[in-house]
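Hello,

Here is the structure I promised to pass on.

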Amino acid sequence: MGSSVFYKYRVLMKEKVAKGRKLFCAVLHGTKGTSESITAKVWIDHLLVQYRRLTMSKQNAIFQGVDLQCQMNNHAHHTEEMDAEQLVVRRGQPFSLLLQWTNGHPQPPDHKLALVLHLGKKDEVVVRMSGSRAVHGKWWFSEQAAQNEVLLRVHSPADAPVGLYSVTVLLLSAEGHIIEKTTSYSFYLLYNPWSAEDSVYMPDEELLQEYILNENGVLYQGSWDQITSLPWNFGQFEKGVVDICFEMLDNSPAALKSSQMDITKRADPVYVSRTITAMVNANDDRGVVSGRWDGEYSDGVPPTRWTGSVPILRRWSEGGAKRVRYGQCWVFSAVACTILRCLGIPTRCVTNYSSAHDTDGNISVDYLFNEQLESISEERKDMIWNFHCWVESWMSREDLPKGYDGWQVLDPTPQERSDGVFCCGPCPVQAVKEGEVAIKYDAPFVFSEVNADLVCWIVHPDGERTRASLNSGTVGRNISTKSVHGEHREDITAEYKYPEGSMKEREVYEKAGKRVAKQNVGPGQLKLSIKHAQAVHGTDFDVIVEVLNVSTEDTLAHLIVTSNAVTYNSLHRGECQRKTAELTVPAQKAHKEVIRLLYDHYGACISEHHLIRVTALLQTSGPHNMILQEVNIPLKMPKLHIKVTGEAVVSRKLTVIISFTNPLPVTLRRGVFTVEGAGLTEEQEIQPPGDIRPGQYVAVKFSFKPIRAGLRKLLVDFDSDRLRDVKGEAAIIVQEKKL
């Protein structure tokens with residue numbers, strides 16, 4: 001029994017003895033009956049015997065305690081950033097425990113040591129091991145005695161369930177009876193991508209530095225032709241995050257229904273990663289983040305305000321597993337990335353541009369317009385997202401035929417149900433590329449996300465439809481992730497699909513059941529295109545619609561152009577401007593229509609994603625008389641400026657100044673700066689001095705004490721009533737505190 005437990009128990013025994021004496025005295029003074037007198041005396045005698053026996057056993061105790069060697073073990077297992085006082089180790093790799101004898105008590109001859117492990121809140125899994133030679137696939141330990149200590153080297157199997165274990169050391173007699181045991185000590189066991197026997201093994205150390213150990217990342221947004229980057233604090237080693245990750249798994253429907261079965265299945269990263277995609281969103285269960293896309297966030301936090309995963313996870317845990325409001329796809333993917341990296345599964349965030357949401361499985365997304373070019377697709381779920389974020393995790397797929405190990409798509413954004421639950425994956429990236437849509441999990445949906453056709457229809461008053469355009473090259477463009485070699489973008493489109501128009505691509509389409517449709521040839525010999533310069537939020541800018549006549553005859557045409565404020569996932573927030581023109585396009589020449597988009601028009605309806613969609617419809621009286629084109633125009637946003645004053649040292653006060661100039665021609669109200677950084681400071685909110693007038697410069701100052709040494713990132717967001725999602729970042733090198 002450990003000294004602390006012994007002390008508490010001894011105090012409890014003293015209290016019980018005192019209570020018994022008090023009862024006995026009450027009997028002597030006539031306030032209690034005779035029967036109670038006998039009961040009290042027996043109780044006192046019994047407790048005194050127990051107390052004396054316990055005191056003598058403590059004096060004769062052989063075990064003094066167990067040193068978990070946290071600092072040494074955690075360093076060897078690449079978890080030293082996670083917790084200096086909690087033992088966190090990886091499966092398939094040995095760790096050390098130092099058993100300490102009391103003075104003058106070496107291990108008695110003919111006595112043996114044994115270890116007992118418990119896993120789960122109700123001890124659902126119990127493992128008992130004796131010191132022995134290595135047994136493949138089993139827990140075992142070796143021991144080496146030295147004076148008053150014994151070094152125990154504990155070996156875990158590479159397929160052990162991950163979770164919070166407790167370990168107790170037993171001293172057994174030659175007959176196997178328990179002579180003495182220590183108190184229980186807890187430790188976390190994680191997946192081990194450094195172990196060749198683990199199903200998440202990744203042989204490249206450079207990749208592991210990024211996909212397991214890097215707490216800072218970059219998410220990609222914008223549009224396929226104007227890609228923007230968003231710095232993100234994953235913070236998988238921040239204090240308490242590992243506890244929250246397992247708390248989340250404990251709250252899954254499977255764990256609540258049958259904890260023993262769930263805990264046993266946690267040996268399998270396929271099972272755990274699929275559970276995580278369901279639990280990160282709060283649609284079916286006690287999940288972490290509630291999604292919202294309608295722009296109404298007054299009862300929560302706007303998705304664009306978050307700069308890291310840790311505040312979200314902590315709010316969920318501190319709120320008693322109550323969903324956190326609100327997130328969108330990049331938030332879901334980033335939170336999932338934090339959890340998966342924390343558990344030891346190599347993971348990266350991925351952005352797919354022009355991502356299809358195909359609900360009926362026909363590998364086609366249909367947009368419907370009336371003759372005035374007004375969208376009538378709002379009630380349909382099929383749509384093209386300007387971008388969509390998911391994660392890829394690295395693991396072997398022993399549940400599938402050979403050839404599908406490696407990167408697996410996992411999508412925690414709640415879009416469609418899979419096996420009755422809002423989750424998606426793991427789906428092998430290789431299966432998507434080869435069109436193997438029968439491979440689990442959710443391959444048809446992921447295949448459509450990167451390969452679907454976009455078909456636009458004009459719906460006439462009588463209900464008849466005319467196909468205005470078909471585009472097979474729009475969906476699945478510039479699929480992006482952060483490079484392991486720095487903070488620049490890596491294009492991984494070739495890992496998902498063969499080159500557009502190639503013979504191999506056609507073979508894959510046929511295998512997936514997709515018919516290769518013919519492209520529109522256009523109305524006669526007219527070509528339609530939309531061009532624009534860099535558009536800056538808060539300014540007026542021009543959009544040029546060009547109609548080119550490549551024939552030898554002049555051509556009459558009717559042109560409709562609309563501009564709409566939309567969200568990144570194609571929800572309309574309002575029409576900005578519209579223009580209609582009757583054209584005579586000269587032979588072999590181009591006609592240009594210029595539309596000036598005014599802030600006075602788009603400023604009131606622009607979404608938090610700062611996106612304007614321009615749609616042009618050209619009609620002639622000849623055959624193939626329609627052609628439709630669309631472009632998405634992301635508005636360029638200002639940046640926050642961050643100045644760090646002084647030297648950054650662990651536990652020493654550091655001051656930062658954040659500055660910003662209002663770029664809009666309107667006053668900003670209810671502004672707030674949100675600051676956080678892994679290893680630097682927890683999330684803080686800072687209010688500016690008041691309303692910010694057009695063109696006004698504002699600066700705020702705040703201080704904090706860095707927590708951990710190394711290269712760290714401070715991330716800042718600014719939100720207000722009329723301007724959201726203004727970001728800034730600063731890299732800070734934190735030095736160790738000098739003794």
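Helices (H or I, at least four residues) and strands (E, at least two) are DSSP runs, numbered from the N terminus. This is a predicted model, in which local features need pLDDT of at least 70 and side-chain atom pairs count only at pLDDT 80 or more, while totals for chains, interfaces and linings use all residues. Residues are numbered from 1 along each chain as its sequence is written, and side-chain values use heavy atoms, with hydrogens and water left out.

I will begin with the backbone. Two cis peptide bonds are worth a look. One runs from K440 to Y441, with omega near 5°, and Y441 sits in the loop between α11 (429-434) and α12 (443-451). The other joins R325 to Y326, with omega near 0°; here Y326 belongs to strand β14 (residues 324-327). In the loop between α9 (310-318) and β14 you will find A321, whose phi is positive, near 65°, although the residue is not glycine.

Next, the strands, where two count as paired if DSSP finds at least two bridges between them. Three strands form an open sheet in the order β26-β27-β30, with antiparallel pairing. Its edges are β26 (526-532) and β30 (590-597), each of which pairs on one side only. On average, neighbouring strands of this sheet are turned by 15° against each other, direction ignored (axes are lines fitted to C-alpha atoms, for helices over the stretch in contact, and angles run from 0 to 180 degrees between N-to-C directions). Strand β27 (residues 541-549) and β30 are joined by eight antiparallel bridges, and F541 faces L597 in β30.

There is also a hairpin. Its strands, β28 (residues 555-566) and β29 (residues 572-585), pair in the antiparallel sense over twelve bridges, with N564 opposite E575 in β29. Five residues lie between the two strands, and S570 in this hairpin has a positive phi near 75°.

Finally, the surface. D159, E197, D268, E398 and D405 gather there in a patch of negative charge. Such a patch is made of residues with over 30% relative accessible area (Shrake-Rupley method, 1.4 Å probe) and no salt bridge (a Lys or Arg side-chain nitrogen within 4 Å of an Asp or Glu carboxyl oxygen), with like charges joined within 9 Å. Asp and Glu count as negative, and their charges are placed at CG and CD, respectively.

Best wishes

Terms used: Patches are made of residues with over 30% relative accessible area and no salt bridge: like charges are joined within 9 Å, nonpolar side chains (Val, Leu, Ile, Met, Phe, Trp, Tyr) within 5 Å.
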